[in-house]
Amino acid sequence: MDETHNNRTSLVKGAKDIAKEAKRHAAKNFSKAVDRASDEYSAHRSYNRFQNEDEEEDYNSYTQQDGHYADNAANDEDGASSDATEGHDDEDEIYEGEYQGVPAFNDGKPRDGQVALGQPVSDSLKSHKELENERQADEEELAQQYELILQECGHGRFQWQLYFVLGLALMSDGVEVFVVGFVLPSAETDMCVPNSGAGWLGSIVYLGMMFGAFFWGGLSDKVGRKQCLLISMSVNGFFAFLSSFVQGYSMFLFCRMVSGFGIGGAVPIVFSYFAEVLAREKRGEHLSWLCMFWMIGGIYASAMAWAIIPHYGWSFSMGSAYQFHSWRVFVVVCALPCVSAVVALTFMPESPRFYLEMGKHDEAWMVLKHIHDTNMRARGEPERVFTVNRIKIPKQLDELVEMQNESANPAVKVLFKIKSELRGIWLTFMRCFNYPVKDNTIKLAAVWFTLSFGYYGLSVWFPDVIKHLQADEYASRVKIYNNERIEDFTFNFTLENQIHRNGVFLNDRFIGMKFKAVTFIDSSFLNCYFEDVSSVGSFFKNCTFVDSFFYNTDIDDAKLTNSRVINSSFHHNKTGCQMTFDDDYSAYWVYFVNFLGTLAVLPGNIVSALLMDKIGRLSMLGGSMVLSGISCFFLWFGTSESMMIFMLCLYNGLSISAWNSLDVVTTELYPTDRRGTGFGFCNAMCKLAAVLGNLIFGSLVGITKAIPILLASSVLVGGGLIGLRLPDTRANVLM
């Protein structure tokens with residue numbers, strides 16, 4: 001009797017367990033149906049786990065009738081085996097895509113047997129505003145989810161690899177800026193540029209960088225961060241290398257302009273690219289560390305200029321038509337960081353955030369998995385599985401595209417493609433002035449312009465003021481000789497910083513010697529012999545040459561001002577503009593001053609990186625600009641070279657925090673679909689301000705101190721106050 005009762009109890013218990021298991025499985029499948037129907041209704045596009053055919057059949061076999069679950073025996077057996085026989089729940093299953101591919105993508109198309117909770121409204125029946133609102137909602141959801149995904153991927157080896165690769169690109173931008181100042185005097189002297197054409201090199205390079213920043217930044221929102229950066233850096237490297245070999249000044253200007261156009265895309269793309277693989281708590285600090293490479297580029301350029309340019313013996317000639325001087329070697333060496341960046345960048349993936357923005361689900365998932373696996377292996381945890389399998393994708397809005405005839409000429413197709421890309425860039429740029437980013441765009445442009453105007457303006461003014469002080473000191477040590485008479489004497493040494501008035505040189509020989517800053521006024525040269533003579537900054541004014549012989553000298557009509565040449569001959573005169581840096585202390589001094597000014601930003605870089613996430617971007621931006629403006633007033637006391645150098649270092653050290661925080665704020669304020677375009681526009685305003693700053697401040701050197709000091713101070717303080725009005729982005733996720 002007891003045995004019969006025990007058997008009956010066991011049967012009842014078993015039946016209850018089976019019923020409970022069936023009920024649990026039914027509830028789970030019903031939840032799946034609701035999720036899928038809801039996804040279809042909201043045009044949701046997501047990754048789903050791989051599911052076996054038994055589960056799909058089981059899902060398609062049930063219906064909801066009066067709140068009860070009805071099925072048949074076959075499906076019950078299949079459904080029971082899906083959990084009971086496998087020993088685990090579906091939600092805990094590791095999909096095969098983690099090792100063999102990507103998760104299956106649900107494209108939102110209806111499937112046979114799928115349960116629909118409501119018929120979704122077709123996109124063709126919705127207004128553009130409704131579609132934009134849906135996309136905005138998707139963007140906000142993706143931003144939150146993407147932040148969680150980056151936290152799961154962790155911060156480690158992948159981010160540091162990308163940090164150094166992008167750092168080389170940013171270093172190339174810094175080198176390009178400094179190359180202009182270092183090469184300018186040598187290039188203009190070597191190519192015999194008249195005073196009317198002097199100074200164009202600096203302006204033309206900044207103009208190229210201005211257009212390049214806008215173009216490449218906008219294009220990166222269309223075709224990708226990596227691809228645009230590769231192309232722009234390749235353009236920069238090729239034309240920078242080519243510029244070292246061209247001989248004409250106009251061709252040299254063209255090559256440097258195109259080189260600047262290429263490097264113009266570095267800053268907007270580099271910061272956008274790196275920010276999109278950084279989690280929120282790491283973004284401010286590591287973007288600031290990335291800024292250090294711009295400083296490294298300046299130090300590299302200064303060191304190479306000091307080591308290469310003054311060494312005239314490094315040059316070689318191929319006849320009189322082709323001259324390859326040491327400054328050209330310097331230009332080649334400065335192209336090396338760009339070449340290195342291009343090579344390293346080919347091994348890095350595209351930004352996963354950009355892939356998601358473009359609706360490229362499989363590519364984004366694979367890149368995120370690569371980031372996760374790279375970091376986990378570096379931590380010694382290769383067994384950690386990338387658990388993300390469902391990523392929100394923003395609604396892809398259709399755009400009207402003008403179709404081109406397939407049989408058209410290839411050149412016409414290329415022009416049509418360029419036209420369509422430029423139109424896309426312009427439309428994206430106009431969206432930067434739509435709500436809610438319109439006010440931010442205007443404020444950012446103002447801050448970029450003011451900071452750049454003050455920084456680049458003073459960067460030109462400081463060295464020129466130092467040169468002006470050096471020239472005044474040099475002129476104060478000039479030796480003046482009046483009414484001298486020298487007969488039958490051989491000059492085979494250097495004459496420097498001298499003025500000779502009303503002198504008479506009779507039967508004298510000038511052999512293998514140099515005139516350096518020597519001026520002869522109202523002097524006579526009778527039966528004199530000149531051989532292997534070179535002159536720098538030397539002139540003969542109102543002089544007379546009688547029965548004199550010139551062989552292999554650089555004395556020509558340009559140096560004979562209002563002078564008479566009687567019964568004299570010139571043979572094998574040196575052609576072109578002669579360059580010499582022997583014992584040129586001023587050249588070394590200029591490079592050393594720039595080296596110190598660049599090195600002075602190191603403490604500011606470290607402080608800004610460590611405090612960026614602690615005191616906030618806006619406090620650092622506004623405070624740094626205001627302090628930089630105040631420091632300009634100390635220039636009143638700059639009456640010596642050492643004092644001016646100290647003020648240059650102080651100003652650079654204070655302003656670097658503003659640059660770093662502005663880079664971070666600009667990256668975080670723009671959404672992904674406009675980040676490159678918005679950053680490129682702001683950087684273009686920066687280069688425009690650099691051109692204006694060079695022209696305005698450069699024209700004031702040696703005239704007055706008041707205008708440059710007051711202008712720079714007011715501009716920097718005003719820009720800092722505008723920066724404080726920007727929204728705080730410290731707690732924001734990347735939209």
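This is a predicted model: local features need pLDDT of at least 70, side-chain atom pairs count only at pLDDT 80 or more; totals for chains, interfaces and linings use all residues.
I number residues from 1 along each chain as its sequence is written, and my side-chain values use heavy atoms, with hydrogens and water left out.

**Confidence**

I looked up pLDDT, the predictor's confidence in each residue, from 0 to 100. The protein chain has a mean pLDDT of 76, and 72% of its residues reach 70 or more. Over residues 37–100 pLDDT stays under 50; there the model has 121 contacts beyond four places in sequence. I count a contact when heavy atoms are within 4.5 Å. Residues 581–585 also stay under 50, with 10 such contacts.

**Salt bridges**

How many salt bridges does a search of the whole structure find? I get 16. The rule is a side-chain nitrogen of Lys or Arg within 4 Å of a carboxyl oxygen of Asp or Glu.

I looked at Glu276 and Arg225, whose side chains meet at 2.7 Å, N to O. Glu276 lies in the loop between helix H10 (266–275) and helix H11 (280–308), and Arg225 in helix H8 (residues 225–243), so the pair ties together parts that are 51 residues apart in sequence. I take helices (H or I, at least four residues) and strands (E, at least two) as DSSP runs, numbered from the N terminus.

Buried or exposed, I asked of Glu276? Glu276 is buried at 0% relative accessible area. Arg225 is buried too, at 0%. My classes are buried under 20%, exposed over 50% and partly exposed in between (1.4 Å probe, protein chains only).

Next I checked Glu668 and Arg617, a salt bridge of 2.8 Å, N to O. This pair links distant parts of the chain: Glu668 is in helix H21 (residues 641–669) and Arg617 in helix H20 (residues 617–631), 51 residues apart. Glu668 is buried at 5%, and Arg617 is buried at 0%. I also noted a network: salt bridges that share partners join Asp221, Arg225, Glu276 and Arg675.

I then took Glu487 and Arg485, with closest N and O atoms 2.7 Å apart. Glu487 is partly exposed at 44%, and Arg485 is exposed at 54%.

**Trp294**

I found Trp294 in helix H11. Trp294 is buried, at 18%. Which residues does Trp294 touch, not counting those up to four places away in sequence? They are Leu170, Asp173, Gly174, Val177, Phe178, Tyr455 and Tyr456. A polar contact of 2.8 Å joins the side chains of Trp294 and Asp173. I define that as N or O atoms within 3.5 Å; within protein, one must be able to donate a hydrogen and the other to accept it, and residues adjacent in sequence count only if both atoms are side-chain atoms.

**Phe550**

I placed Phe550 in strand S18 (residues 549–553). Phe550 is buried, at 0%. Beyond four places in sequence, Phe550 touches Phe530, Phe545, Ile555, Ser569, Phe570 and His571. Phe510 is 40 residues from Phe550 along the chain, with 9.5 Å between the C-alpha atoms.
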